[in-house]
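Visitor: I am new to this. Could you show me a structure and explain the words you use for it?
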Amino acid sequence: MSAGARRGPRRRVAGYWPQYLAISPYYLIFSVFMLFPVLYTVFLAFQKWDGIGDMHFVGFQQFRFLWDDPVFWLSVRNTLVIWVLSTVPMLFMALVLAVLVNSTKRLTAFYRVALFIPSITSLVAIAIFFGAIFSNNFGLINAILRALHLSAVPWMSNEWTIKLVISALMTWQWTGYNAIIYLAGLQAIPSELYEAARMDGAGPVRIFRSITIPLLRPIILFTVVISTVTGLQSFTEPQVLFGSEAATNPNSGGPGQAGLTTLLYFYHQAFDNNDFGYGAAIVWAFFLLILLIVGINWRLVQRKERRS
Amino acid sequence: MTGVVISVFPFYWIVVMATNTSQDIYRYPPKLWFGDHLLTNIQHLFDKMAFFSSLSNTVIVAVCTTVLVLFFDSLAAFAFAKYDFPGKKFLFGVLLSMYILPTQLAIIPQYEIMVQLGWLGTLKALVVPAAANAFGIFWMRQYTSTSVPDELLDAARIEGAGFFRLYWHVVLPCVRPALAFLGIYTFIAAWNDYILPLVMLVNPDRLTLQVALAQLYAGHSTDYSMVMAGVLLSVIPLVLVFTFFARGFIADATKGALR
């Protein structure tokens, strides 16, 4: 031990200088660019500041304003609706896909790559793609609808279809990733369990409900928490799809502000309106909301586990 | 099979749009097969945006971030995995608990810090904050503690090697598989990042690909063929990198999730 050799009360800490040196880059950068900013954001939430002039301490005034701000609550509602519309079908389809891929023996390596690729593709590229195929006049989806003699849908201007498009985008990006996580979990279940159940005369549905689901529960919990945290933070999708309206139009987030998620609202307040204090209040309120929802989710899934 | 088709279809359709004229796409019924207008679309794209400058900005950010993360994280992971030192438990606990803080909480003061440092609008504003990666240290520590044999470290110590020589000559060769995953993971995340470049790159001719593409889409939303040519060119490098390393990468990504 090169470090321990020079033991002595005063050199105890100094003798470990290589170790401290090795971990210092992380803690240095982290303190300057993350820890200090996060603490400073708490301080900012109580100030009125446009980024250039003087700060004015306003106490809880911004949180009171936030509580009465209809646009903030609209953005929270939008975020929650988009999250539910994407997460529920995403995790359900992922489970079905994983069971299907698990039951085939051929081409599994190819399936994995094909399912994983959406999750590494940039959100900006996907958002532009969805914007193109759901375009009201020229989009592929409406062309198909017309070919089937159905009427075209104004996807990008209706309050609900805007949310559907954003949710579909998130579902497309993350279904395959979750399917691969489930697949890894499925392959860890010993096949003797299935054989024993089949000997006892259990059908495929019964096996799925009594063996597959309970054994996958910890993995399902993981995917629920991850999807909640990422799903609630939707920002890029509405920013790319409805960003052009934001600069000139008070209806930022698309027609009727239907795509205005809380993070997009935060971005507009902080960096378009230069209201840094209010931006800080929004982002802190939002973080507490995420913690609350993740906590509720956690308890729900845990309780189900206890019951079964 | 349907799942695979749905996963891959957008890439097919991006190529279809990028190789046809906008008129062909807008025509009813639309063209469903590749056309021969890719080069004209790319030409239009280059006229509308400084593509190569955005591409090189993106490459610089992604490569620098990856190199810094690999170096800092493997070094810190070695100290955490193989040494005891005062405060180690506390410091590692801080690292783990800070992992859950969302980056958006920090972004307003980060912007202000970059203004003060004079880094606003430069690529440093993207690379330096991204170099602190808690996940990477956690990941590398797990791997280092199991895959670097203590006997090997002891043997090298007897020959007089110190901390940094052990790191360079013993640890680095042992942890290469874990570095490969962390490297691709960091590269992909840096390549695709959007909110930080959007906030920090205030100079319109010094953007990354993602921000430049988003602006192109917002500004000229009617010429989809041109925009899709840009999307195609921005996605291809990443898909190539990914498919080259896909095997180990997917296995490691799931391992991280199942832990």
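Guide: Gladly! A polar contact is a pair of N or O atoms within 3.5 Å; within protein, one must be able to donate a hydrogen and the other to accept it, and residues adjacent in sequence count only if both atoms are side-chain atoms. This is a predicted model, where local features need pLDDT of at least 70 and side-chain atom pairs count only at pLDDT 80 or more, while totals for chains, interfaces and linings use all residues. Residues are numbered from 1 along each chain, chains are lettered from A in the order written, and side-chain values use heavy atoms, without hydrogens and water.

Visitor: What reaches the backbone nitrogen of A:Trp160 at the start of α8(A)?

Guide: A side-chain oxygen of A:Asn158 does, to within 2.6 Å. Helices are DSSP runs (H or I, at least four residues), numbered from the N terminus.

Visitor: How do you know that the span of helix α8 of chain A agrees with its 29 residues?

Guide: The expected span is 1.5 Å times one less than the number of residues. For residues 159–187 that gives 42 Å, and the end C-alpha atoms are 42 Å apart, so the two agree.

Visitor: Where does α8(A) bend?

Guide: At A:Trp174, by about 35 degrees. The bend is the angle between axes fitted to the seven residues ending there and the seven starting there.

Visitor: Why is α8(A) called largely enclosed?

Guide: Because 22 of its 29 residues are buried, meaning under 20% relative accessible area (1.4 Å probe, protein chains only).

Visitor: And what about helix α4 of chain A?

Guide: Its 34 residues, 70–103, should span 50 Å, and the end C-alpha atoms are 50 Å apart, which agrees.

Note on methods: Helices (H or I, at least four residues) and strands (E, at least two) are DSSP runs, numbered from the N terminus. Buried means under 20% relative accessible area, exposed over 50%, partly exposed in between (1.4 Å probe, protein chains only).
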